[in-house]
Amino acid sequence: MAMIDSKTSINIVGAGISGLIAAMILEQNGFSPVIWESTDRVGGRIKTIKENGFQMDLGFQVMLEAYPKIIEHLDLDELELQHLLAGAIIYHKGKSYSLGDPIRNPLKFWNVLFSPIGTLSDKWKIFKWFLRLRKLSPEQIFSNRESTSLKHLKDLGFSDKIIQLFFKPFFSGIFLETELETSSRMLEFVFKMFIEGNAVIPKKGMEEIPLQIANRLFRTKINFNSKVTKVEEGKLHIEGKGALDSDFTIVSADPSAIVPNLSHNPMEWNRCDNLYFAANSRSLKPPIIGLLAGDYLVNNIFYASSVEQESEIEKELLSVSVIKEHNLTTEELVESVKLELAEQMGIKDLEFIKHFKIDRALPKIVNMQYSVDTSETQLSPSIYLTGDYLLNPSQNAAFVAGEKVAKAIIEKIGKA
Ligand SMILES: Cc1cc2nc3c(=O)[nH]c(=O)nc-3n(C[C@H](O)[C@H](O)[C@H](O)COP(=O)(O)OP(=O)(O)OC[C@H]3O[C@@H](n4cnc5c(N)ncnc54)[C@H](O)[C@@H]3O)c2cc1C
């Protein structure tokens, strides 16, 4: 255990998962960090709102039960996780096809073999790929050569048909970009995670995840509505509150916006729109993701009300994700999306509830990693970095990065 000097000040910028996990580990090692959070809540990019009785996550987001880090840090029972069905329903040219999971549901996959989504050889290749990925650890996957996901799928020999009808809509919805430019490492990691566990959503919404971590913090002070404007060596500037001395500053927010040395390299982001509609009935009964294949605004749909929620409303709630770039106003977007839902998926009589425009959803990262050495989180003597942007765009990466930065500081203080 490190020598703890109660005067050692550790400041954390941002109360997303990575900042919260860093605080938790620092607490467990006897420190009392201070978090500075620009908004009025914890959770960062994981947020759930309740409005007019509807429970809505800001952006369709799931946790993957196979993420290695969640078991270590979360009480999964307390989250009352609601399971989504594996696979997806694919809508194409007015018809729908069910794509199951060959490992967990081989009988159902048998139907897929004869569906028009891809050739027989594609289905055999998916099966072989599944088997190979199961044997690889996440670290091994992230040490493989990196290319774009699209190139990797082509290199694996998949036909254009299955790429267009399944891989593109499925992974566009995860990467939040339509060209599958995202790293092939992420493609294989995410696919492995989907094979090995369920996609889940807490009953009270995704925000329960960061809230659970925050509720376990006892020695950490969280200052809300406190935007950090600049992080310098040994100093932190907070909007409206002036400068503050800091022995260690952990930056979990976009560092290119607040660390002057990094401002020449601004972070780029993938974006999306998330629309919610109320309906009297569900066109998809089981809790499964629906994908629209083709050049449409709608990428995926999910009936939020197909899993148990803490909603007081009798109506069904449909989440629609739009990944494609557009210049439409909310009104125009809603009209176009409704038209596509009616014509391509047979979903009608929807009442528009909410539009979330999420411009900074996933950081664009080259050379994606699963983890880093603790020393690599250190930028300068007092400034340390954490956050998914260091590794890969996922909740699991935010957990890993939060752990690593806390350990780096604990080691540093221990050696001093
Ligand atoms: C629409 C969407 C869908 C997603 N889907 C999935 C999914 O299905 N599965 C998955 O694993 N991941 C998904 N993700 C990614 C996942 O949410 C993130 O990887 C994770 O939440 C990142 O946590 P973080 O702590 O690294 O960053 P953040 O959550 O961004 O935390 C940073 C915090 O810093 C605060 N902050 C920013 N600037 C300042 C400042 N100047 N001063 C003080 N505070 C500041 C922010 O308010 C925020 O609270 C999705 C994300 C989005 C947006």
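**Pockets, cavities and the ligand**

Modeller: The second largest pocket has a volume of about 1000 Å³. This is a predicted model, where local features need pLDDT of at least 70, side-chain atom pairs count only at pLDDT 80 or more, and totals for chains, interfaces and linings use all residues. Residues are numbered from 1 along each chain as its sequence is written, and side-chain values use heavy atoms, leaving out hydrogens and water.

Colleague: What makes something a pocket or a cavity, and what is a volume?
Modeller: We use a 1 Å grid over the protein atoms alone: a cavity is a set of points where a 1.4 Å probe fits but cannot get out, and a pocket is an open set with protein on both sides within 12 Å along at least five of seven lines. Grid points are joined across faces, edges and corners, and a volume is the space filled by probe spheres set on the points.

Colleague: Which residues line the second largest pocket?
Modeller: There are 41 of them, and P363, K364, I365, V366 and Y389 lie nearest its centre. They count as lining because each has an atom within 4 Å of a point. β15 (269-279) gives the most, three residues.

Colleague: How many cavities are there of 30 Å³ or more?
Modeller: Two, by this rule. The second largest cavity has about 110 Å³, and 13 residues line it, including D57 and Y276. Strand β4 (residues 54-57) supplies the most, with three; strands are DSSP runs of E, at least two residues, while helices are runs of H or I, at least four, all numbered from the N terminus.

Colleague: How does that cavity lining divide by class?
Modeller: Into seven nonpolar, five polar and one charged. Ala, Val, Leu, Ile, Met, Phe, Trp, Tyr, Cys and Pro count as nonpolar, Asp, Glu, Lys and Arg as charged, and the others, Gly among them, as polar.

Colleague: Now the ligand: how many residues surround it?
Modeller: The shell has 33, and E37, R45, Q61, Y67 and D388 are the closest. A residue is near if one of its heavy atoms lies within 4 Å. By class, the shell holds 15 nonpolar, 14 polar and four charged residues.
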